Amino acid sequence: SLEDEEIRARAYVKLLNDKIALRNNRETLAAWKYASNITEENLKEQLDVSKESAKETKEDWLETIKFNWRSFGDYDLRRQFEKLSILGKSALPEEKFLKLEKIISDMQTIYSTAKICDHKNKTKCDLVLDPEITDILANSRDPEELKHVWVEWRHKNAPAKELFRDYVKYANEAAVLNNFTSNTGFWLYDYESPTFVQDVESIWEQLKPIYTQLHAYIRTKLRQRYGDIVSEKGPIPAHLLGNMWAQSWSNIADFTLPHPSAKRADITSELLNQGYDALKMFKTAEEFFVSLNLKKMTPEFWERSILVKPNDGRELVCHASAWDFFDKKDFRIKQCTSVNFEDFTTAHHEMGHIQYYLQYSDQPVVYRQGANDGFHEAVGDVMSLSVSSTKHLKRIGLIDANTPDNDAVDLNALFMIGLDKIAFLPFGYLMDKWRWGIFDGNITAEDYNCKWWEYRTSIQGVEPPVDRSEDDFDAAAKYHIVADVPYLRYFVSFVIQFQFHRAACELAGEYDPEDPTKPLHKCDIYHSTKAGESIAKMLQMGSSRPWPDAMEVLTGQRKMDASGLLEYFRPLHKWLEAENKKNGAYIGWESTQKKCTK
Ligand SMILES: C=C(C[SeH])C(=O)N1CCC[C@H]1C(=O)O
Ligand SMILES: [Zn+2]
């Protein structure tokens, strides 16, 4: 009978989850070994383990789909079976599966080992992205040097184009074998909403006004600094924004602050002066989580994480990442940490992933995921929003407690966060809009690069420093494109993290919508175990319920919306509108003069 089958199914899924935990552990150990030491041998070992794992996963899947799980009465059992009936890449026949895995590893290796020559010292050709090239983009104010580094980095990553074409082909084939129309459907599946793309688009429409105001103001300041290489009404040249992908503009805060005379101490120099090293940055981050009565890191975390770039000459993937080894003890971060505020923030971001792993570690493996992928990216950033507040930086001594707290200082601080959070939004949106277009067949390989620049220009308002062509493949200059990592999760995170922050701040008594002395952007939830308790409850759910249920636990809301972000930046939005009006700044941008030839 169906009852008997459900009883059998419950025992089956318990065993299967434990089996999957062991398989995931083996796979993750092999993946870690390769990502932290790129050698032919480690690649071969990783591919062998993935092949074996895919074979077993497919065998288990054939058993799983025999159950009549759609008619089970028990919601939780049905949900587990539904998730377990999605096979993923393992649906591919073995040799195609291996080809796809190798293509993704090879693209990532090109990116992680790419080296360029220095602009000034042409014989110095060992510059890698992390830290040398990143530091030049952040600190150089020489447009010729910035252009050189921007162009050379893309030149070295263009060879990924041929691999990417095959990646698209195999990823789509795998998606179709999972009954999706293309990889787009597979990537959007866990958001559990047929209107998710429209919801994202309408949120972007609500956020466009504040972005165009910031964009107009920054273009004015860049024209003052660099002159006519920055047009008055056109897109902003992408190499001048302090970041290789123009996705975060906080590195050009020093000459764009609203109130330069009220400039605060540079946090990076404070970190260095106070003898911070990578370990101290991560210990400080841990202390923030523990202050909320959230979990501390495990002994294995401190023993096995890689928190500084190894100097033994090995090649490794330096892009920051957090790893769950599915044994409830072994959790790791791999980050080539520099002692600066950006990496201090990233340390919190990555530790947010570990916190989520810890909080849902008692869930069956099938639920050890974020409520949706945006939740996983938001946890650490919620902490960073408090840590970045002037109040908190004074509490931990990174800002001198005696420095005056006035409106100018306060607006500068809000502006700094805006250069990170507001600037990011169109980039977070267009990264997958471009890839969806490719997976769905609307963008063909002949148009990859010019379509990329069409979106970068029309949505983000940036343009390349030099003309481009279809011989270039500029999307591959970004880690997530070559590593098969979806990106919508970050757009979602940058929206919902403000909903989470607002709720946590209310619980902490740090924000009151009726009390103008407690604006959202001044909130610091440090030591609020009340906020921590609600955050923990949301995180413990993993993906055991649809994400609106999880969001409701912390915020009382069931919808993703822009109100938290707009509330947080309201004072900055007002100031930008007034400043742009005063400057007679052109709001928005006309089409680019730069060409992209087929
Ligand atoms: C820090 C990580 C690892 Se999940 C990251 O990739 N992030 C965090 C912010 C956006 C995105 C990026 O760097 O592009
Ligand atoms: Zn992340």
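## About the model

The structure is a predicted model, in which local features need pLDDT of at least 70 and side-chain atom pairs count only at pLDDT 80 or more, while totals for chains, interfaces and linings use all residues. Residues are numbered from 1 along each chain as its sequence is written, chains are lettered from A and ligands numbered from 1 in the order in which they are written, and side-chain values use heavy atoms, with hydrogens and water left out.

## Around ligand 1

Among the residues that surround ligand 1 are His319, His349, Glu350, His353, Glu377 and Tyr487, where a residue counts as near if one of its heavy atoms lies within 4 Å.

Lys478 has a polar side-chain atom 2.7 Å from an oxygen atom of ligand 1. For His480, an N or O atom of the side chain is 2.8 Å from a ligand 1 oxygen atom, and for Gln247 such a side-chain atom is 3.0 Å from an oxygen atom of ligand 1.

## Helices H9 and H23

Two packed helices are described by the angle between their axes and the distance between the axes. Helix H9, residues 196–226, packs against helix H23, residues 570–583, at an angle of about 45°, and their axes are 9 Å apart. H9 and H23 are therefore oblique to each other, since angles under 35 degrees count as roughly parallel, over 145 as roughly antiparallel, 65 to 115 as roughly perpendicular and the rest as oblique.

Notes. Axes are lines fitted to C-alpha atoms, for helices over the stretch in contact, and angles run from 0 to 180 degrees between N-to-C directions. Helices (H or I, at least four residues) and strands (E, at least two) are DSSP runs, numbered from the N terminus. A polar contact is a pair of N or O atoms within 3.5 Å; within protein, one must be able to donate a hydrogen and the other to accept it, and residues adjacent in sequence count only if both atoms are side-chain atoms.
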